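Please read it alongside the sequence and the coordinates.

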Amino acid sequence: MDAISSLSVVEEAGVTNSGPCRIIEQPLPRELGTCVLIPGFLSRAECTALIEAAEGRGFSSAELDYPPSYRNNDRQVLADAQLAAQLLSRLREELPGGIERLLPGDLIPNWKLESINERFRLCRYQPGQRFHIHQDGVHHRDSDCRSMLTFMVYLTDGDDFEGGDTLFYAAGPQAGEGKSNLVARVRPHAGSLIVFDHSIWHAGEEVTRGVKHVLRSDLLFRGAPEMLTPVNTSVSHHQGYVWTLIELDDGRVASGGRDGSIRIWHEEGALSSSLTGHSQSVLGLIEVRPGVIASISRDRTLRYWDVAEERCIRSVTAHRAAVLSIVLTSGRMIATGSADHTIRLWSEDGTLVRSLVGHDGWVWGLVNLGQDLLASASEDGSVRIWNLGSGQCIATFPTSCALRTIDAFQPDLTGGPAHLAIGDASGQVTFLSMDLSDVRELVSFKAHDAAVRRVRFLHDGVLATCGEDNRLRIWSGNPSELIHEDTHGNFVTDVIELRSGSRVSCGYDGELRWR
């Protein structure tokens, strides 16, 4: 019996809530944002039916979509418009004054609750599984419809497992997950609904005994179109986070983000065109040749685009999980790295040449070293050097932390040593020297107070680093010397230096900033 019929049968049997909830709790100080807890939103019988239906469909590890250092629980995605409609109707009954009244005062007149996102995420936490501190992403349905509040129902009662509390924090990863930053702890009770701002930092505590189930979605609001018009005209925007940037041969900038689009910008930041076709976030871009872009995505595809004609000219399923990294090699092949732990080599036209296997975690970063060599950085904490001619790993440099990014400074194509920079999940940046099959550490330093999302060498060996502490930092040739810092409204994900000498950076606030 599926989730819809299970819920309907329970309602017909008369096991429902008897009118509006008598208690609505507010676990957090109002200044941190909206957060309300509604006990008894679903009955225990309804929770049991949803769990049984989910277990019948089967859970899978979240590892193909999220790195284990971020979350390691089991999950399942369920598209169910009928269930969304049923839950929305019940929510309106429980809050007869309207969910809109929970929004900040300046938004109440302009935004109206439209729906619950029908893309439900059912999550199962078994012993040893948790969800580290994070913010929830905004889902954009169209130009004037977006999610603002997380909608989560606890399906398992806290008496049936240990650990597993929802933890709320006053600040993000830069402040840590310690007690000093913890502002509230919510113990799950079967049937309770918790609704809160996407922007509130929270975590799912590790389950140490038993099994915890939750049903997760979003509340979608529709506002007047002018509500989404950027106030700051010195920045450019995507709907949702921006992940990656490149400069094109003609001097324009291409960006990719959570809205699945590739946007092309004139240097002053005016939108030139948009390329659409990916069904999920665009995570990497390269220009294969003038006028042709290759893109990779969480939707597992590698796509080729004719920029002038604004159309996709080829699409291939590149990996069995999210494709995270892409680079053009010295032999004019395209290399892609994936959450499936593999690297794949493609001809310029998108024909698979070979796979490189050896990493035991997500392949976050790739960089061309010249001389038919490629370097990769992985969630498994290692840097690997690959001979693309033989397909063999010729050197491995292990570290003690999950890696997130890698770049090389002007590799000497005659065979001299390349200088590499790697960034990890703890905020550390390490410089390496790579000579033939020998990789040595030169220096390591704390660059950010949270994970490093990107390292980019700029002119003359100057290093730019992007962090989950919302900072873009520029370091001199002496890596301990900070020479510039910018702050975004959320995680900073990429930065490039243009041929004109200006810089463009982007992040989870959805903005491209031109400097």
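In this predicted model, Arg-252 and Asp-250 form a salt bridge, with 2.9 Å between the closest N and O atoms. Arg-252 has a relative accessible area of 19%, under the 20% limit, and is therefore buried. Asp-250 is partly exposed, at a relative accessible area of 49%.

**Salt bridges across the structure**

- The whole structure contains 34 salt bridges.
- Five residues, Asp-449, Asp-469, Arg-471, Arg-473 and Glu-485, are joined in a salt-bridge network.

**Arg-44 and Asp-157**

- Arg-44 is in a salt bridge with Asp-157, and their closest N and O atoms lie 3.1 Å apart.
- Arg-44 belongs to helix α2 (residues 44-57), while Asp-157 sits in the loop between β8 (145-154) and β9 (161-163), so the pair ties together parts that are 113 residues apart in sequence.
- Are the two partners buried or exposed? Arg-44 is exposed, with a relative accessible area of 53%, and Asp-157 is buried, at 5% relative accessibility.

**Asp-65 and Arg-75**

- A salt bridge joins the side chains of Asp-65 and Arg-75, with an N to O distance of 3.8 Å.
- This distance falls within the 4 Å cut-off, so the pair counts as a salt bridge.
- Asp-65 is in the loop between β2 (60-61) and β3 (74-79), and Arg-75 is in strand β3; the two are 10 residues apart.
- Asp-65 is buried, with a relative accessible area of 16%.
- Arg-75 is also buried, at 7% relative accessibility.

**Helix α3**

- Helix α3 has 14 residues (81-94), and at 1.5 Å a residue it should span 20 Å.
- At the start of α3, Asp-80 places a side-chain oxygen within 3.3 Å of the backbone nitrogen of Gln-82.
- Which residues of α3 are buried? They are Leu-83, Ala-84, Gln-86, Leu-87, Leu-88, Arg-90, Leu-91 and Glu-94.
- An α-helix has 3.6 residues a turn, so residues three or four places apart point the same way.
- The buried residues of α3 include Leu-83, Leu-87 and Leu-91, and also Ala-84 and Leu-88.

How values were computed:
Residues are numbered from 1 along each chain as its sequence is written. This is a predicted model: local features need pLDDT of at least 70, side-chain atom pairs count only at pLDDT 80 or more; totals for chains, interfaces and linings use all residues. Side-chain values use heavy atoms; hydrogens and water are left out. Helices (H or I, at least four residues) and strands (E, at least two) are DSSP runs, numbered from the N terminus. The expected span of a helix is 1.5 Å times one less than its number of residues. Buried means under 20% relative accessible area, exposed over 50%, partly exposed in between (1.4 Å probe, protein chains only). A polar contact is a pair of N or O atoms within 3.5 Å; within protein, one must be able to donate a hydrogen and the other to accept it, and residues adjacent in sequence count only if both atoms are side-chain atoms.
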